[in-house]
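Please look at the sequence and the structure before reading on.

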Amino acid sequence: MRLFLLATHPEYQGRGIGLQMAQKCIEFARGLLNSTMKRVSIDGSVANPDVLPELLYAVFASNYSQKIANKLGFETLFVARYDDYTFGGKKMSERIGDEHKTAALQVLKII
C-alpha cells in the first residue's frame, strides 16, 4: 500500500497532524489485512479485492516527513540527494532550497 503524500499547511506544522495522518494510514492498512476495515470506492468497484497490503511504502521528501517515518519504524531502502538530480537545467536542491537535502524511499512491514 502506498502513502502518497504526507504534508500539512505551514501554519499547522508542529502540531502532530502529519504523525496522526501517517498513523491512520498504518491503522487502515492493518485493518485491511485483518479484515476490520473494508475497501470502498466512489463508484462501488474495488480493484483486486483479494490483494491485502503486507507493507506500506512512501517517498518522504522532507526532513519533517522523514522524521515521522523514522519515529513510526519505517525502514529506509534508498536515499536520493537533491544535489544529485537536475530537472529543467536546475538542480533539485536549487528548486527546493537549503532546508531539505534528500528524499527517502521508506517501507513499513504491516504483517
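## A buried aromatic pair

At 3% relative accessibility, Phe60 counts as buried, and Phe74, at 7%, counts as buried as well; buried here means under 20% relative accessible area, exposed over 50% and partly exposed in between, with a 1.4 Å probe and protein chains only. This is a predicted model, in which local features need pLDDT of at least 70 and side-chain atom pairs count only at pLDDT 80 or more, while totals for chains, interfaces and linings use all residues. Residues are numbered from 1 along each chain as its sequence is written, and side-chain values use heavy atoms, with hydrogens and water left out.

A search of the whole structure finds one aromatic pair. The ring centres of Phe60 and Phe74 are 5.3 Å apart and the planes stand at 80 degrees, so the pair is edge-to-face; rings of Phe, Tyr and Trp (its six-membered ring) pair if their centres lie within 6.5 Å, and planes under 30 degrees apart count as stacked, over 60 as edge-to-face and the rest as tilted. Because Phe60 lies in strand S1 (residues 55–60) and Phe74 in the loop between helix H2 (63–71) and strand S2 (75–81), the pair ties together parts that are 14 residues apart in sequence. Helices (H or I, at least four residues) and strands (E, at least two) are DSSP runs, numbered from the N terminus.

## The nonpolar core

The largest nonpolar core has 14 residues, of which Leu3, Leu6, Leu56, Phe60 and Phe74 touch the most other members. Such a core is a set of buried Ala, Val, Leu, Ile, Met, Phe, Trp, Tyr and Cys residues joined through side-chain atoms within 4.5 Å. Helix H1 (17–33), S1 and H2 are the elements that give two or more residues to this core, and the largest share, four residues, comes from H1.

Not counting residues up to four places away in sequence, Leu3 touches Ala22, Cys25, Leu56, Tyr57 and Ala58, where contact means heavy atoms within 4.5 Å.

Three strands form an open sheet in the order S1-S5-S2, with antiparallel pairing; two strands pair if DSSP finds at least two bridges between them. S1 and S2 stand at the edges, each with a single partner strand, so one side of each is left without a neighbour in the sheet. The twist averages 10 degrees from one strand to the next. Six bridges join S1 to strand S5 (residues 102–109), and the bridge partner of Leu56 in S5 is Leu108.

H2 packs on this sheet, touching S1, S2 and S5, and its direction makes about 25 degrees with that of S5; axes are lines fitted to C-alpha atoms, for helices over the stretch in contact, and angles run from 0 to 180 degrees between N-to-C directions. Gln66 lies in H2 and, at 13% relative accessibility, counts as buried. A polar atom of the Gln66 side chain lies 2.8 Å from the backbone oxygen of Thr102. Gln66 touches Phe60, Ala61, Thr102, Ala103, Ala104 and Gln106, not counting residues up to four places away in sequence.

## The chain as a whole

The chain has three helices and five strands, which run α-β-α-β-β-β-α-β from the N terminus on. Buried residues make up 27% of its 111 residues. Of the contacts in the chain with a separation of 6 or more, 65% are accounted for by residues 24 or more positions apart. Taken along the principal axes, the C-alpha atoms fill a box of roughly 45 × 30 × 30 Å.

Notes: Polar contact = N/O pair within 3.5 Å; in protein donor to acceptor, adjacent residues only side chain to side chain.
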